[in-house]
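Work through the following exercises with the sequence and the three-dimensional structure side by side, and try each task before reading its solution.

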Amino acid sequence: MEKKNSSAYPNQFRALIALTKASIIQSLRNPSMLFFSFFFPVMIICIFGILDFNSLHVSIDVHSGTDNSSPVYTALKKISGVTLNEGKSDSIINDDLTKGTVAVAVKITSNNDAVNGLTTYAVNLEKSAAAPSDASIIETVISSITSQINEQANPNSIILVSLNESVVEGHKYKQIDFILPGQLAFALLTNALFGISFSFVVMKKDKILKRIFAAPVKKSTVIFAEGLSKLIIAIIQTMIIIAVGYYVFGFYLAHGFQTILEMMILSFIGIFVFISLGFLIAVISKDNEDSVSPIANLIMMPQMFLSGAYFDITAFPSWLQPIARLLPMTLLDDAYKVVAFQGGSILSTWPQLLGLFVWAILIYAVVLKMFTWD
Amino acid sequence: MGRFVSRIFSCIIFKVISADLMILTVKNLVKNYGNFTAVNGISFEVNDGEIFGFLGPNGAGKTTTLEVIETLLPKTSGEVVVCGHNIDKNAAKIKSLIGVQLQSSSFPASLNLIEILDLFSALYGTRIKPIELLEKVQLADKKNSKVKQLSGGQRQRFSLATTLVNSPKLIFLDEPSTGLDPQARHNLWALIKDIQKNGTTVVITTHFMDEAERLCDRVAIMDQGKILKIDSPDTLIDELVKGGFTKSIINKGANLEDVFLNFTGKHLRD
């Protein structure tokens, strides 16, 4: 019986393509959608890119007693834009950190292990709570340096400096590397959030959906088309934002084209999760067009401000930080950074992906329970 | 005796032929919303090729009846057969054979007329030339406009065009002339007559009696979920007059609409 019924439907693939196309055209002709999903993120990227075109400018206080021959010290010294202030007394350094004039102070000590003939280094970081954004950038840079050194270190070799020199030299840390992933995640979030919620609420309210279902088209085709249109827009967003970041501001892609592909895969996963939030808004607003925007903002704003795309998470009160780190947009932002900045593989983003899938399962479960067609 | 037999015989033949002529059969249709009965056990048939009107005040159950037949609403009980297909068994098939104009439904706001017709033609799995359909409803010059830029009459004509993308055997028009000026109404009636001439059966709802009188071959008068009477407008009027009905206003051979159209002309204003 079921089979006979389904064969009465005309080619659903053609319907799917037509509905997807219609949905994309509608999105691209919607000024507020264009603003939030394309113009705004690109504008933020441009602002930060122009403000910090060459490289980042941060200074680090170096405690006396630091081992100048340690590979970490050498690597830091080689990064343009990083100034090392030496010869300051502990009290002055403490004053710098309190005022936030310097974001981070380091002390690097060496420890000769006589038994193995191996030299190990300890990097002691003091971060200024008054300059959390710079502090976080420096922290990321230093942890990236140390992990690279550790990765490449030959346990039998004592001298590590020569090994990591080349690795560090080609990599200039720029503001864009920290800003772009968050903006890309934000662009995808607005695309799915506003796109899905408004289109379903308006389609229901204006009986457009009813008129569509007067034609022999399956409900799954309509849902699928909406999702597909957001996915295609997400691909366009990812390409535009990475292109602007890379060609205009020199956004760092750890493994070139492969990194772009990996970021694209992350975009697919991200948009899939964000679409569920779009449906959630449609469901919560009970198809009242006037309540879509406030509810959408209620879901978007915390992610926008807490995700680390604009403000550094370490600046937040300690009770807020774990919450901020678990937001879907933060997870996607972090995953992009792991892939693009640290050069990790998709698999190494598994903690973020796991978090995103948990969000997806929870939200889709609610949506499936509450969604109505009329 | 022979005469009686031949009469029975012709009656049977008529039944057989008429069964073929029925494009829509509704038997004891009931539709409840909770405790409220919107449609209360109605039965009727629509002949192939006719214009069949549903007359009734607001809330009579006209739209509900139509939406059940269009397979957009589940019925509570009864039997509905559209173009030879039962709505319980073959909703998708029925949808592909009929054309539907919903009351006050809209279209995607940022698509133009051509794009909307292309979309609907894909949904019905048909190949059409959108511009030809627009020409049919005199909207070819508006092909790049959005629906919100159209006047009320143009909007109804466009809506009519979307019901024709699948060359349907039967179309349903739900209050198509509500809110239109006299010129636009006359123009719409002419279009509906044209569609009928091309072999499409039309089921229309209205609460304008003049519209039903001019347009419909047969009408069903509906109130509070029940059909009170079905017949041709002429027969219904004749029956009423035969029963001794007299109108308090004397017929002058013309009415105010005739006067209005005499002054303003019949050409379309949109």
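The exercises below concern a predicted model, and each task is followed by a solution in steps.

**Exercise 1. The make-up of chain A**

Solution: Next, consider burial: of its 374 residues, 42% count as buried.

**Exercise 2. Burial of a helix and of a glycine**

Task: Determine whether Gly182(A) is buried or exposed, and explain why helix 14 of chain A is largely enclosed.

Solution: First locate Gly182(A), which lies in helix 8 (residues 175–205) of chain A. A residue is buried if 20 or more other C-beta atoms lie within 10 Å of its own. Gly182(A) has 24 other C-beta atoms within 10 Å, and therefore it is buried. Leaving aside residues up to four places away in sequence, Gly182(A) touches Ser307(A), Gly308(A), Ala309(A) and Asp333(A). By contrast, the C-alpha atoms of Gly182(A) and Lys78(A) are separated by 27 Å.

Now take helix 14 (residues 328–340) of chain A, whose 13 residues reach 18 Å from the first C-alpha to the last, close to the 18 Å expected. Because 13 of the 13 residues of helix 14 of chain A are buried, this helix is largely enclosed by the rest of the structure.

**Exercise 3. Where the two chains meet**

Task: Find which helix of chain A gives the most to the side that touches chain B.

Solution: Start from the contact between the chains, in which 24 residues of chain A are in contact with 24 residues of chain B. Helix 2 (12–28) and helix 9 (208–213) of chain A each supply at least two residues of the side that touches chain B. Helix 2 of chain A gives the most, with six residues. By class, the residues on this side of chain A divide into 14 nonpolar, four polar and six charged.

**Exercise 4. Two sheets in chain B**

Task: Give the strand order of the six-stranded sheet and of the four-stranded sheet of chain B, and identify the edge strands.

Solution: In the six-stranded open sheet of chain B, the order is 6-7-8-3-9-10 and the pairing is mixed. Strand 6 (98–101) and strand 10 (226–231) of chain B each have a single partner strand, so one side of each is left without a neighbour in the sheet. Within this sheet, strand 3 (residues 51–55) and strand 9 (residues 218–223) of chain B pair in the parallel sense over four bridges, and Phe54(B) stands opposite Ala220(B) in strand 9 of chain B.

The four-stranded open sheet of chain B has the order 2-1-4-5, and its pairing is antiparallel. Here strand 2 (36–47) and strand 5 (85–86) of chain B stand at the edges. Strand 1 (residues 22–33) and strand 2 of chain B pair in the antiparallel sense over nine bridges, and Val30(B) stands opposite Asn40(B) in strand 2 of chain B.

Conventions:
Residues are numbered from 1 along each chain as its sequence is written. Chains are lettered from A and ligands numbered from 1 in the order in which they are written. This is a predicted model: local features need pLDDT of at least 70, side-chain atom pairs count only at pLDDT 80 or more; totals for chains, interfaces and linings use all residues. The expected span of a helix is 1.5 Å times one less than its number of residues. A residue is buried if 20 or more other C-beta atoms lie within 10 Å of its own, exposed if 12 or fewer, and partly exposed in between; C-beta atoms are placed from the backbone. Two residues are in contact if their C-beta atoms, placed from the backbone, lie within 7 Å. Ala, Val, Leu, Ile, Met, Phe, Trp, Tyr, Cys and Pro count as nonpolar, Asp, Glu, Lys and Arg as charged, and the others, Gly among them, as polar. Two strands pair if DSSP finds at least two bridges between them.
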